[in-house]
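Hi,

Here is the structure I promised to pass on. Have a look at it first, and then read my notes below.

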Amino acid sequence: MTPAINTTMTSSERLITTSLSTLFAVRMLGLFILLPVLAVLGQELDHATPTLIGVAIGIYGLTQALLQIPFGLLSDRYGRRPLIMIGMGLFFIGSLVAANADTIYGIILGRALQGGGAVGGVITALLADQTRAQVRTKAMAMIGAGVGIAFLSAFILGPVLASKLGLSGLFAVIACLGALSLGIAWFYVPQQHIAPGRLQAETSANQLDSLGQKFMANLRQPQMARLYFSIGALHLVQTSLFVALPAILVHSHQMPLIDHWRVYVPIMLLAFAAIIPVILLAEKRGHLRSALLSMIGLMGIAITLMLLQYLSFGWLVISLLLFFAGFNALEALLPSLVSRLSPIATRGLCMSTYSTCQFFGAFLGGALGGLLYAHYGFEGLMLLNLVTLGLWLLVALGLFPPEHTKTIVVPVTITDHHTTMQLLEQLPGVHEVLIAEDNASAQLKIDRRRFQQQQLDDLLISFNASQPDGHSSLSK
């Protein structure tokens, strides 16, 4: 039989996972907390227009999109911790700039600096560096849970703090969150020793060409390109909605800003509870594509209902419930699809590209949403979202993910990479094999319908028996 995989985190893995999850969540809270209030409070700033308010909401996404990959490359060369410190420093400085701004242009500059600390990919890369393959999924899930808590907390705290402190006071609170992030990074993020060939990447023209070729090849993969479009469209629609929604609640439904959390929080909790069975069923039965198309359709129904009935508070609440049910489901389904479709060896590049498209979609949602809201009102904004969802549905129709694939970890003791990979790749149902850098395990992407555990067990037994010296490149 194959030896058991130890999926229990060590104390050091728990510490680094908790530290980085907290760091990620605190930073995202500082970005999310503005989403439900900036469209309303931004109107009080000098030179504010709906278009510029939309730019202020989305500009952090542009700087995030532009700098995610450069930050990742620099962290490969100089280590993760220095780049995390620089990113948190930019976030802190941007928050201070915005806190002291009295014009919309100052807010835009501050938000751009906040987004300039594009260290999301660096944090996840460091987590991958510091955890074993067999516990990495659990560690990444903790980061995801932290982001979810930050998102929900932002919609509770944002309206309440903004009503009591104003926009400048809210940015001061965000600056405090930035200072807290710097403290976490300084005291709890480990200083790495850069190992030759590991983090100290050479910058020769040949290697840069190779990176560029991998990046372009990644973009040319039709299935991956559809997922990149999907995450961009999802965040375009979400961000554009919040260009106008807070103002609609204030002006059309006479709801004070401080009470907006009473709408958002129950809706999000109900929506999250409603989509859990959908995700579990789609994963279990291999219907991810059907679930994806259904949730895009559900968001389309929600936006249509919003367009036709937004002046009715009851219908607006129902449409928001449908919208966030679809949004939350897609936020969970899309990363799962990326992990299934991306090659194991370039998964980091695929996730970085995915994050870049996500943030670029947020920028377009804010900028285009503000422009359309300024000239065509809420109706024009909702038509933009319907067109986006329609295009997305057409793009997603061509998506055919390997519904039944998953990645497993096999313990190995490598003495011969070539032989080990050959043997594993020859097993029916094995699509890809990647040997871990510590030579202690191998990741296998398998088709669950064809792969049989007994075949792997038999391979290990026969391979061990064939070694004259009693040693094996596969763990006993």
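One term before we start: two residues are in contact if they have heavy atoms within 4.5 Å of each other. In this chain, residues 24 or more positions apart account for 81% of the contacts with a separation of 6 or more.

Some ground rules. This is a predicted model, so local features need pLDDT of at least 70 and side-chain atom pairs count only at pLDDT 80 or more, while totals for chains, interfaces and linings use all residues. Residues are numbered from 1 along each chain as its sequence is written, and side-chain values use heavy atoms, with hydrogens and water left out.

**The overall picture**

The chain has 15 helices and three strands. Of the 476 residues in the chain, 50% are buried. Buried means under 20% relative accessible area, exposed means over 50%, and partly exposed is in between (1.4 Å probe, protein chains only).

**Helix 1**

Helix 1 covers residues 11-32. With 16 of its 22 residues buried, this helix is largely enclosed by the rest of the structure. Its length works out too: at 1.5 Å a residue the 22 residues should span 32 Å, and the end C-alpha atoms are 31 Å apart, which agrees. (The expected span is 1.5 Å times one less than the number of residues.)

Glu13 sits in this helix. Is Glu13 buried or exposed? Glu13 is buried, because its relative accessible area is 3%. A polar atom of the Glu13 side chain lies 3.0 Å from the backbone nitrogen of Thr10. Not counting residues up to four places away in sequence, Glu13 touches Thr8, Gln130, Thr131, Arg132 and Val135.

**The cores**

A nonpolar core is a set of buried Ala, Val, Leu, Ile, Met, Phe, Trp, Tyr and Cys residues joined through side-chain atoms within 4.5 Å. The largest one has 126 residues, and the members that touch the most others are Leu23, Ile84, Ile107, Leu320, Phe323, Phe324 and Trp392. Apart from it lies another core, of ten residues, including Leu427, Val433, Phe451 and Leu456.

Take Phe324 as an example: leaving aside neighbours within four places in sequence, it is in contact with Phe151, Phe242, Ile267, Met268 and Ala271. Asn328, in helix 12, counts as buried because its relative accessibility is 15%. With residues up to four places away left out, Asn328 touches Met268, Ala271, Phe272 and Ile275.

**Rings**

How many aromatic pairs does the structure hold? There are 13. Rings of Phe, Tyr and Trp (its six-membered ring) pair if their centres lie within 6.5 Å; planes under 30 degrees apart count as stacked, over 60 as edge-to-face and the rest as tilted.

Tyr310 and Phe378 form a tilted pair, 4.6 Å centre to centre with 55° between the planes. This pair links distant parts of the chain, 68 residues apart: Tyr310 is in the loop between helix 11 (288-309) and helix 12 (313-341), and Phe378 is in helix 13 (residues 347-396). Tyr310 counts as buried at 12% relative accessibility, and Phe378 is buried with a relative accessible area of 3%.

Phe323 and Phe327 form a stacked pair, 6.4 Å centre to centre with 10° between the planes. Both lie in helix 12, four residues apart, which is about one turn of the helix. Phe323 is buried at 0% relative accessibility, and Phe327 is buried with a relative accessible area of 3%. One aromatic cluster takes in Phe32, Phe151, Phe155, Phe242, Tyr264, Phe323, Phe324 and Phe327.

**Two loop residues to look at**

Most residues other than glycine have a negative phi. His47 has a positive one, near 70°, and its place is in the loop between helix 2 (38-41) and helix 3 (50-78). At 53% relative accessibility, His47 counts as exposed. For Gln254, phi is positive as well, near 50°, and the residue lies in the loop between helix 9 (222-252) and helix 10. Gln254 counts as exposed at 60% relative accessibility.

Happy browsing!

Methods. A polar contact is a pair of N or O atoms within 3.5 Å; within protein, one must be able to donate a hydrogen and the other to accept it, and residues adjacent in sequence count only if both atoms are side-chain atoms.
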